[in-house]
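Please open the model in your viewer and keep the selection panel at hand. The stops below are meant to be taken in order.

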Amino acid sequence: MKKNKYFAGIIKDPGSTLKYKTYVWRDGLKPSWIKKNCTNCLTCFINCPDQAIKVDKDGNMAGHNLDYCKGCGICAQVCPAKPKAIVMKKE
Amino acid sequence: MTMKRVALTGNEAMALAMRQAKPDVFIGYPITPASDILSAIAKYVANGEMEAEFMTPESEHSVASALFGASSAGARSFTCTASQGLALMHEVLHIISGARLPIVISSSSRSLSSPINVHGDHADFMDMRDASFIQIFSENSQDSYDNFLQGVKIAESVRLPAIISSDGFITSHNLEPVEVLKDDEAYDFVGEFKPAYSILDIQNPITINPLSLPDSFMEIKKSQSDAMAFAKKEIIKTAKEYQKLSGREYGFFRPYKLKDAEIAIVVMGSTAETAQSVIDELRKKDVKAGILALRVFRPFPYLKIAEALKNCKAICIMDRSDGFSGHGGPLFVETSAALYDLKNKPKIISRIYGLGGREINEEMIKSVFEDIKKLSENKKVERYGYVGLKI
């Protein structure tokens with residue numbers, strides 16, 4: 001194969017998707033989880049368009065996976081807790 | 001070396017070159033005027049003269065898709081098509097060139113619908129000019145044969161696909177004497193296909209055509225663009241090698257009495273030969289006229305064209321397709337861009353001729369030269385017009 005690593009965009013190493021962190025699409029804002037306000041309702045988990053809400057083995061909210069969070073803010077918007085358990089902050 | 005001289009149509013010459021290059025796979029779908037290539041290949045395969053895997057899927061889109069698969073598995077893969085068939089392949093053509101697969105298409109150029117017309121013009125060839133294919137045009141059956149063998153070698157060395165075309169019906173169905181190489185000589189010239197990669201190589205698994213987002217897409221395209229620019233060197237190198245073998249000279253274009261020409265036409269395909277007798281007649285009347293018959297349309301030889309035309313006073317670029325830019329034919333647009341850097345730019349006009357197989361004869365070409373002559377004498381001439389119109 002040609003040495004040029006951009007030749008036809010061919011990928012030689014398996015599992016390359018693991019190296020591709022899509023958080024680079026995020027544009028300025030990221031979610032911040034405030035654990036003391038959280039009721040573990042998991043409304044954020046249901047509404048997240050990616051899979052950026054982490055859930056532990058007991059089924060409890062465990063924060064955000066910021067490698068894949070695109071910063072859309074839906075989790076903060078839908079959070080029913082008062083005061084909110086998720087707020088958007090500058091990167 | 002003694003060459004065998006046989007009578008072949010353009011299509012038969014192309015089919016013979018294909019057989020001699022020994023493809024692993026031939027996939028095709030019939031379309032006028034390229035169908036004869038397909039039937040000739042079918043006959044070769046049925047007679048056991050060609051070992052290729054022969055497939056006839058349900059459409060040209062499927063042909064191109066199957067070619068993609070065959071070539072990415074490391075097979076030398078050919079097809080033949082024209083006109084609507086080539087247009088139906090269009091989406092896949094870009095995928096083939098992006099994946100850098102050196103598939104070679106033989107074609108007999110034909111008009112595009114509508115209205116439907118099965119005769120020769122260059123609309124299909126021009127329609128794919130951004131598809132990153134090496135595009136070579138032939139003046140006669142001999143050219144079709146020689147260009148195909150060279151085209152395979154060029155395509156496989158720069159890892160870009162190629163299309164070798166001739167004028168539909170005019171060349172494709174015209175029986176002419178063609179000097180052909182012996183089978184082993186032709187195959188030795190083209191050489192064994194060494195693919196850049198193969199998806200069947202299980203020791204070295206790869207992913208082909210992955211999603212490439214803004215972080216890598218441009219780099220991949222730049223590498224493809226560099227390959228097209230580099231192809232210019234390979235085209236000349238291959239032509240020299242072929243000349244040693246055959247004695248016939250090839251380059252980016254075939255000049256005819258162009259060295260001292262004051263007025264000239266730029267033209268592609270069989271019309272260049274028709275125009276030669278017009279030049280001979282004009283030269284007898286001391287009119288310094290010449291022809292630049294373009295052979296290689298992609299990569300477009302900008303610098304060489306400018307160099308060849310720099311001493312002309314006036315030029316007409318003759319297009320066998322309109323391009324519908326509202327300004328001039330596609331060859332006109334490219335050629336005028338090539339002349340931009342010249343200090344003393346020749347005056348230029350665009351003439352469209354021979355659409356849908358309309359006759360182009362010596363009288364018509366003479367009328368074009370009358371226009372160029374007027375232009376060179378600073379008289380007013382229509383800049384963009386049709387030749388041989390009935391209205």
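A contact, as the word is used here, means heavy atoms within 4.5 Å. This is a predicted model, in which local features need pLDDT of at least 70 and side-chain atom pairs count only at pLDDT 80 or more, while totals for chains, interfaces and linings use all residues. Residues are numbered from 1 along each chain as its sequence is written, chains are lettered from A in the order in which they are written, and side-chain values use heavy atoms, with hydrogens and water left out.

Begin by selecting Ser350(B), which sits in strand E14 (residues 347-352) of chain B; helices (H or I, at least four residues) and strands (E, at least two) are DSSP runs, numbered from the N terminus. Ser350(B) counts as buried because its relative accessibility is 0%, where buried means under 20% relative accessible area, exposed over 50%, and partly exposed in between, with a 1.4 Å probe and protein chains only. Leaving aside residues up to four places away in sequence, Ser350(B) touches Ile317(B), Asp319(B), Gly328(B), Gly329(B), Phe332(B), Arg383(B), Tyr384(B) and Gly385(B). From its side chain, Ser350(B) reaches the backbone nitrogen of Gly329(B) at 3.2 Å.

Stay in chain B and select Asp286(B), found in the loop between helix H9 (271-284) and strand E11 (289-294). Its phi is near 65°, a positive value in a residue other than glycine. Asp286(B) is exposed, since its relative accessible area is 70%. Lys22(B), likewise not a glycine, has a positive phi of about 50°, and this residue lies in the loop between helix H1 (10-20) and strand E2 (25-27) of chain B.

Next, display the backbone at two prolines. The peptide bond from Ser114(B) to Pro115(B) is cis, with omega about 0°, and Pro115(B) belongs to the loop between strand E5 (104-109) and helix H5 (123-127) of chain B. In chain A, the bond joining Lys82(A) and Pro83(A) is also cis, with omega near -10°, and Pro83(A) is in the loop between helix H2 (74-78) and strand E4 (86-90).

Finally, which residues lie nearest the centre of the largest cavity? They are Cys38(A), Cys41(A), Cys44(A), Cys79(A) and Ala85(A), out of 14 lining residues. A cavity here is a set of points, on a 1 Å grid over the protein atoms alone, where a 1.4 Å probe fits but cannot get out, and lining residues have an atom within 4 Å of a point.

Conventions
On a 1 Å grid over the protein atoms alone, a cavity is a set of points where a 1.4 Å probe fits but cannot get out, and a pocket is an open set with protein on both sides within 12 Å along at least five of seven lines; lining residues have an atom within 4 Å of a point. A polar contact is a pair of N or O atoms within 3.5 Å; within protein, one must be able to donate a hydrogen and the other to accept it, and residues adjacent in sequence count only if both atoms are side-chain atoms.
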